[in-house]
Amino acid sequence: MNHAAEKDGRSEEKAVSHLKEALSLHRIIVEEQVHVEWLRDRILALDGAIPAFSPVPKAGKNTWACLLMDLEEEKRSYEALLERMHLVEQSDPEVAEGLRRMREDERRHRDQILDLLIKIDPYSL
């Protein structure tokens, strides 16, 4: 194989890898949106009011820093969901089960983000 063909092959592999990473992040976003909608529906079903909330996006200095912030947020959410699950286990098992599923998604998201961070810089973590 000549040098140009080898370089093209590596470029194509890199492009495919970037696409897979983008799709992985997109799936996380979609799943997080499903969580928000489920929580909204549960709150409304329980005759609750949806709290006013305007998140301020955090900006890192680069992709790696942004992913690291996302990883920390997934860790915080994972722990917070356990506490909330225990609070509602007895009073509303359906909500507790929904929170358990969300917590499992948060664990999976954390693992996916960690994998991306390691791909970007395997020696940084």
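Biologist: Over the ring of which residue does the charged end of Arg 110 sit?

Modeller: This is a predicted model. A charge counts as sitting over a ring if it lies within 6 Å of the ring centre and within 35 degrees of the ring normal. The charged end of Arg 110 sits over the ring of Tyr 78, 4.8 Å from its centre. The charged end of Arg 103 also sits over the ring of Tyr 78, 3.7 Å from the centre.

Biologist: How many aromatic pairs are there?

Modeller: Two aromatic rings pair if their centres lie within 6.5 Å. The count here is 0 aromatic pairs.

Biologist: Which elements make up the protein chain, from the N terminus on?

Modeller: The elements run α-α-α, with 3 helices and 0 strands in the protein chain. Helix α1 spans residues 3–45 and includes His 35.

Biologist: Is His 35 buried or exposed?

Modeller: A residue is called buried if its relative accessible area is under 20%. His 35 has a value of 7%, and therefore is buried. Of the 125 residues of the protein chain, 21% count as buried.

Biologist: Which residues does His 35 touch, not counting those up to four places away in sequence?

Modeller: His 35 touches Met 102, Asp 105, Glu 106 and His 109. With Asp 105 there is a polar contact between the two side chains, at 2.8 Å.

Biologist: What share of contacts between residues at least 6 apart in sequence join residues at least 24 apart?

Modeller: In the protein chain, that share is 70%.

Definitions and conventions:
Residues are numbered from 1 along each chain as its sequence is written. This is a predicted model: local features need pLDDT of at least 70, side-chain atom pairs count only at pLDDT 80 or more; totals for chains, interfaces and linings use all residues. Side-chain values use heavy atoms; hydrogens and water are left out. Rings of Phe, Tyr and Trp (its six-membered ring) pair if their centres lie within 6.5 Å; planes under 30 degrees apart count as stacked, over 60 as edge-to-face and the rest as tilted. Helices (H or I, at least four residues) and strands (E, at least two) are DSSP runs, numbered from the N terminus. Buried means under 20% relative accessible area, exposed over 50%, partly exposed in between (1.4 Å probe, protein chains only). A polar contact is a pair of N or O atoms within 3.5 Å; within protein, one must be able to donate a hydrogen and the other to accept it, and residues adjacent in sequence count only if both atoms are side-chain atoms. Contact means heavy atoms within 4.5 Å.
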